[in-house]
Amino acid sequence: MDSLNFNPFASVASADALLDEAVEKAHLPKGDAWSIHKFGGTCVGNSERILTVANIIVKDVSERKLVVVSAMSKVTDMMYDLIYKAQSRDDSYIIALDAVLEKHKSTAVDLLEGDDLSNFLDRLHQDINNLKAMLRAIYIAGHATESFSDFVVGHGELWSAELLSAVVRKSGLECNCMDTRDVLVVNPTTSNQVDPDYLESGRRLEKWCSQNSCDTIIATGFIASTPQNIPTTLKRDGSDFSAAIMGALFMARQVTIWTDVDGVYSADPRKVSEAVILKKLSYQEAWEMSYFGANVLHPRTIIPVMKYGIPIVIRNIFNLSAPGTMICQPAGLENEDGEQVESPVKGFATIDNLALVNVEGTGMAGVPGTASAIFGAVKDVGANVIMISQASSEHSVCFAVPEMEVKAVAAALESRFRQALDAGRLSQIAVIHNCSILAAVGQKMASTPGVSATLFNALAKANINVRAIAQGCSEYNITVVVKREDCIRALRAVHSRFYLSRTTIAMGIIGPGLIGGTLLDQLRDQAAILKEKFNIDLRVMGITGSRTMLLSDTGIDLSIWRDLKKEKGEKADLQRFVQNVHGNHFIPNTVIVDCTADSYVASHYHDWLRRGIHVITPNKKANSGPLEQYLKLRTLQRQSYTHYFYEATVGAGLPIISTLQGLLETGDKILQIEGIFSGTLSYIFNNFVEARTFSEVVEAAKQAGYTEPDPRDDLSGTDVARKVIILARESGMKLELSDIPVQSLVPEPLKDSSSVEEFLQQLPQYNQDLAKQRQEAEASGEVLRYVGVVDVVKQKGTVELRRYKKEHPFAQLSGSDNIIAFSTQRYEKQPLIVRGPGAGAEVTAGGVFSDILRLASYLGAPS
Ligand code: ADP
Ligand code: ASP
Ligand code: MG
């Protein structure tokens, strides 16, 4: 693709020459003694803020200063509205004008007194009377000329400059108020812009300074005159431009633009809450950002100051402690320690309300002058082309214009190319409405391969269709056109790709019970360290139980998740939950952590993995469920780059699955895995000694909280069988749960006891059998242990009570520990043994947590 972006730096040569001449001819004191400030509308939005501004001016120790001031916030809009109303013959312009009067009057009354106040109010009333007369004329004519409008709207700046001057004087600093219509001269251009006449402006500035003492000047932003002395403006948001022109005319040390944000952010902070302040920007970068919609700076501000290398600093009037953003020559862009700033993309900006025009046809290839004919027609209707891209086959030229102008553009093209369309040389002139431009800006993009790949990858992941692309030859920006409704999502997706930690993971936690709740608490305690030390940013975007769920767009505050879930919880809905966790496109990775024991939840894993959602779980149901589903899940896992981790399904946090996988992957052959997999049954048999009966020990285990609410769930051996099947399948065996013979320790007649109490009451009647087995074992120096066995050689699994010699590691277990012995080709004589607590919320949640960190490292986190 070839493309054309409008680069203002290409065409400033003649303006430069004039600027030089203006600067040289003048005899004003110039240079570093001057500092220029510009205060935006919000900075002078009310009396309190005007006082703050006055204070900043007074405290600036520069020898000479010029302060450019905007109209009080909203006033320029109010003024344009007056004209709109008057020319639409809407009488309410009179009330609207009263509101303008009232706003300034009350501010003046707050700030001034005595002569200062009466002088200001006299002027205000006089201006308002004049405006009333003018608006009346507009009302009668039903039309306002551009110069009438410019005259009316410029009053906001005149009043704010007068007010501020009076307040500065009152604060004890002598100053003069400059009506910049007496100084700045600009020529209108065709594209609703103006070009400063530096030479004439310099002359007039010289004259002004000879007539006014000029150590401190408060000047109006936005307004200027034509060479014929007709009032005009620098167009919307033009006060930044006024300040830059003044900076150049004085060759000032610095231009400080004061506004309501801490500086230039990596993206519009209203759209991307994660945006960060950019400490330094080159002139080019700042220009590209502002051209593509970052309205913190007027794009034309850069040109005058760049010529003299005058830095612009953007600062926040509401946060004086923030250093702001410095815009200067690239040479000054190194960090203090000399290293270049890291991200190749500095910032992103967007422009909405655009339409894309696509002129297509095989007849365009190789025909000189087609582009010129297209853009000639566009120029004739005065439309502003924001971006152009042409496919190299020359079959299509596509460009973006403001939505408001596209109708006229399309009509002009249709008429210009009527003949070509009729003859089929052009196949169509298509208009795609409701588009937005998203631009990525950064000087370092030029020398960094892969930036566009990363950008498009992020867009693709967020499922955003790119309609057109352009990259300027300077490589300072890549511009993409997307549908308007996708624009914010696109902005967030690309911003996070370049600015968030590479391992930012959106997490959804299902089942905030004992294990899930403990996991959330562990995450809460560890999150800050992970972020700081390892650049791993874990965000819990949703927590759901079976009844209620808590959702968030940016991440749940884990220090109060229980309260939040109570207060803000909504009805649980698994589909919406997953959509919220995964649909949040500003985070590149999603994981769902299933902490339930539910087969319904487990039945969704396949679908989640297919959608690119990683799954981590201690829930045994998926891996021990129907073989066919298990195989499908594992096949999908192998084929995709989506991860499925389930370490905590066997032995809680003990490294059992990972040990087994490690052995297999490195080519060892598993012969047998034998282990005590149940903490409960481990406890029971470790304590089934001397005079104690089996039922007594079961009772004690229940009292100590080692059993399930119904101990039969442990004694039945099913849970152990599930672990056996998980390890068997991991070892490559294709078994169903029903293929595993399980020796249940629940006496047959008690299987159907209606209650736990009844079961426990009747259990002593059956002590005899186990007591006998224990005696026999003891007689031969052995103990009883309840084990699960995966016999890979014979391709079968069992769960049963076995006898072990007193010296065997299984016989020496204590408490509720698990122990697992891997006999393999490598570990044939001495099995590889893993031993430790294999149950309990803390260790299980810890196992899940380490799977989450394993995922982070697979996704690129540092080790
Ligand atoms: P002023 O009235 O001071 O000239 P503006 O409203 O023109 O202020 O510009 C400041 C605003 O620009 C900020 O409040 C912010 O919302 C918006 N903005 C858009 N993009 C950016 C960006 N990349 N960085 C900082 N601010 C931005
Ligand atoms: N007051 C003008 C506007 O609102 C100029 C400016 O504030 O920059 O467009
Ligand atoms: Mg502005």
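Mentor: One term before we start: a polar contact is a pair of N or O atoms within 3.5 Å. Also keep in mind that this is a predicted model.
Trainee: What about Ser-70 and ligand 2?
Mentor: Ser-70 has a polar side-chain atom 3.0 Å from an oxygen atom of ligand 2. Ser-239 uses its backbone instead: an N or O atom there lies 3.0 Å from an oxygen atom of the ligand.
Trainee: How much of ligand 2 does the protein cover?
Mentor: On its own, ligand 2 has 260 Å² of accessible area, and the protein covers 89% of it.
Trainee: Which residues surround ligand 2?
Mentor: Among them are Glu-157, Phe-222, Arg-236, Asp-237 and Gly-238. By class, the shell has one nonpolar, four polar and three charged residues.
Trainee: Switching to ligand 1. Which residues come nearest?
Mentor: Thr-259, Asp-260, Tyr-265, Arg-270 and Asn-295, out of 18 residues around ligand 1.
Trainee: Which atoms of Tyr-265 and ligand 1 pair up?
Mentor: A backbone N or O atom of Tyr-265 lies 2.8 Å from a nitrogen atom of ligand 1. Arg-270 uses its side chain: an N or O atom there is 2.9 Å from an oxygen atom of the ligand. Lys-38 also has a polar side-chain atom, 3.1 Å from an oxygen atom of ligand 1.
Trainee: And how much of ligand 1 gets buried?
Mentor: The protein buries 88% of the 570 Å² that ligand 1 exposes when taken alone. The shell around ligand 1 splits into eight nonpolar, six polar and four charged residues.
Trainee: Now the strands. What is the order in the seven-stranded sheet?
Mentor: It runs S23-S22-S21-S20-S24-S25-S26, as an open sheet with mixed pairing.
Trainee: Why do S23 and S26 each have a side without a neighbour?
Mentor: S23 (570–571) and S26 (644–645) stand at the edges with a single partner strand each, so one side of each has no neighbour in the sheet.
Trainee: How do S24 and S25 run, parallel or antiparallel?
Mentor: Parallel, with three bridges joining them. Val-593 stands opposite Ile-616 in S25.
Trainee: And S27? Which strands does it pair with?
Mentor: S27 pairs antiparallel with S30 over six bridges. Four bridges join S27 to S28, also antiparallel. For example, Ile-673 has Phe-822 in S30 as its bridge partner, and Gly-675 has Gly-788 in S28.
Trainee: How many residues of S27 are buried?
Mentor: Five of its seven. Helix H25 (residues 679–687) is mostly covered too, with eight of its nine residues buried.
Trainee: Last one, Leu-813. Where does it sit?
Mentor: In the loop between S29 (796–805) and S30 (817–824).
Trainee: Buried or exposed?
Mentor: Leu-813 is buried, because its relative accessibility is 6% and the cut-off for buried is under 20%.
Trainee: What does Leu-813 touch?
Mentor: Leaving aside neighbours within four places in sequence, Leu-813 contacts Ile-676, Ser-682, Asn-686, Ile-819 and Arg-835. Ser-682 and Asn-686 are among the buried residues of H25. Ile-676 is 137 residues away along the chain, yet its C-alpha atom is 9.5 Å from that of Leu-813.

Note on methods:
Residues are numbered from 1 along each chain as its sequence is written. Chains are lettered from A and ligands numbered from 1 in the order in which they are written. This is a predicted model: local features need pLDDT of at least 70, side-chain atom pairs count only at pLDDT 80 or more; totals for chains, interfaces and linings use all residues. Side-chain values use heavy atoms; hydrogens and water are left out. Buried means under 20% relative accessible area, exposed over 50%, partly exposed in between (1.4 Å probe, protein chains only). Helices (H or I, at least four residues) and strands (E, at least two) are DSSP runs, numbered from the N terminus. A residue is near a molecule or strand if one of its heavy atoms lies within 4 Å of it. A polar contact is a pair of N or O atoms within 3.5 Å; within protein, one must be able to donate a hydrogen and the other to accept it, and residues adjacent in sequence count only if both atoms are side-chain atoms. Accessible areas come from the Shrake-Rupley method with a 1.4 Å probe; for residues, only the protein chains shown count as cover. Ala, Val, Leu, Ile, Met, Phe, Trp, Tyr, Cys and Pro count as nonpolar, Asp, Glu, Lys and Arg as charged, and the others, Gly among them, as polar. Two strands pair if DSSP finds at least two bridges between them. Contact means heavy atoms within 4.5 Å.
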